[in-house]
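I wrote them down in the order in which I looked things up.

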Amino acid sequence: MFSENKKNKQNENSSIQNIIAKGTKIVGTFYSEGDIRIDGIIDGDVLTPGKVVVGKTGEIHGSLESSNAYFEGKLIGQLKLTGTLTLKSSAYIEGDVITEKLAVEPGATFNVSCVMKSTVKDFKSEKETKKIA
């Protein structure tokens, strides 16, 4: 009985999805417990333990910290992932990237300093943190 309640709560949190629509601009730090789809512009930091999808019209000017990221749009700044970075042919990434896995489709622009490993360093304090499984 109690274990069913825990499972339902976990399913509710994993199904949360935030959408930043085309024509929307957010300035500042954006934090979410769930997945995020960005088709607008974020000028600041994006933080989530979930997955981030950046559509063709989506842009991030700042930093992104998440588990996995799927890019069709643009990022200029820092990217720190505990999982996989997937770049489609229309993606444009410029800055610093730390990720565990990388998938790049031909045609994507990837002008970065990239580090691939299973532990991820904190950009600000340069302190190593273990990957969350």
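I began with Asp 39, which is buried in this predicted model, its relative accessible area being 16%. Since the cut-off for buried is under 20%, I note that Asp 39 falls in that class because its value is 16%. Its side chain meets that of Arg 37 in a salt bridge, with 3.0 Å from N to O. I then looked up Arg 37 and found this residue partly exposed, at a relative accessible area of 27%.

I next asked how many salt bridges the structure holds. I checked the accessibility of both partners: Lys 80 is buried, with a relative accessible area of 10%, whereas Glu 65 counts as partly exposed at 30% relative accessibility.

The side chains of Lys 88 and Glu 105 also meet in a salt bridge, which I read as 2.8 Å from N to O. Lys 88 lies in the loop between β11 (84–87) and β12, and Glu 105 in the loop between β13 (101–104) and β14, so the pair ties together parts that are 17 residues apart in sequence. Lys 88 counts as partly exposed at 24% relative accessibility, and Glu 105 is partly exposed too, with a relative accessible area of 27%.

From the loops I turned to the strands. In which order do the strands of the open sheet of 6 strands run? I noted the order β1-β4-β7-β9-β11-β13, with parallel pairing. The edge strands are β1 (17–20) and β13, each of which pairs on one side only, and the twist from one strand to the next averages 10°. For β13 I looked up the pairing with β11, which is parallel and runs over 4 bridges; within it, Thr 86 has Ala 103 in β13 as its bridge partner.

I then followed β12, a strand of residues 92–99, in its pairings with β10 and β14. Strand β10 (residues 74–81) runs parallel to β12 and is joined to it by 7 bridges, and Leu 75 has Ile 93 in β12 as its bridge partner. Strand β14 (residues 109–116) pairs with β12 in the parallel sense over 8 bridges, and here the bridge partner of Tyr 92 is Thr 109 in β14. I keep in mind that side chains in a regular strand alternate between the two faces of the sheet.

My last entry is on Ser 32, which lies in the loop between β3 (30–31) and β4 (35–38). Is Ser 32 buried or exposed? I found Ser 32 buried, with a relative accessible area of 5%. Its side chain joins that of Asn 18 in a polar contact of 2.5 Å, and the side chain of Ser 32 also reaches the backbone nitrogen of Gly 34 at 3.0 Å. Leaving aside neighbours within four places in sequence, I listed Asn 18, Leu 47, Thr 48 and Pro 49 as the residues in contact with Ser 32.

Key:
Residues numbered from 1 in each chain as written. Predicted model: local features only at pLDDT ≥ 70, side-chain atom pairs only at ≥ 80, totals over all residues. Heavy atoms only, no water. Helix = DSSP H or I, 4+ residues; strand = E, 2+ residues; numbered from the N terminus. Buried < 20%, exposed > 50% of the residue type's maximum accessible area, 1.4 Å probe, protein only. Polar contact = N/O pair within 3.5 Å; in protein donor to acceptor, adjacent residues only side chain to side chain. Contact = heavy atoms within 4.5 Å. Pairing = 2+ DSSP bridges. Salt bridge = Lys/Arg side-chain N within 4 Å of Asp/Glu carboxyl O. Axes fitted to C-alpha atoms, helices over the stretch in contact; angles between N-to-C directions.
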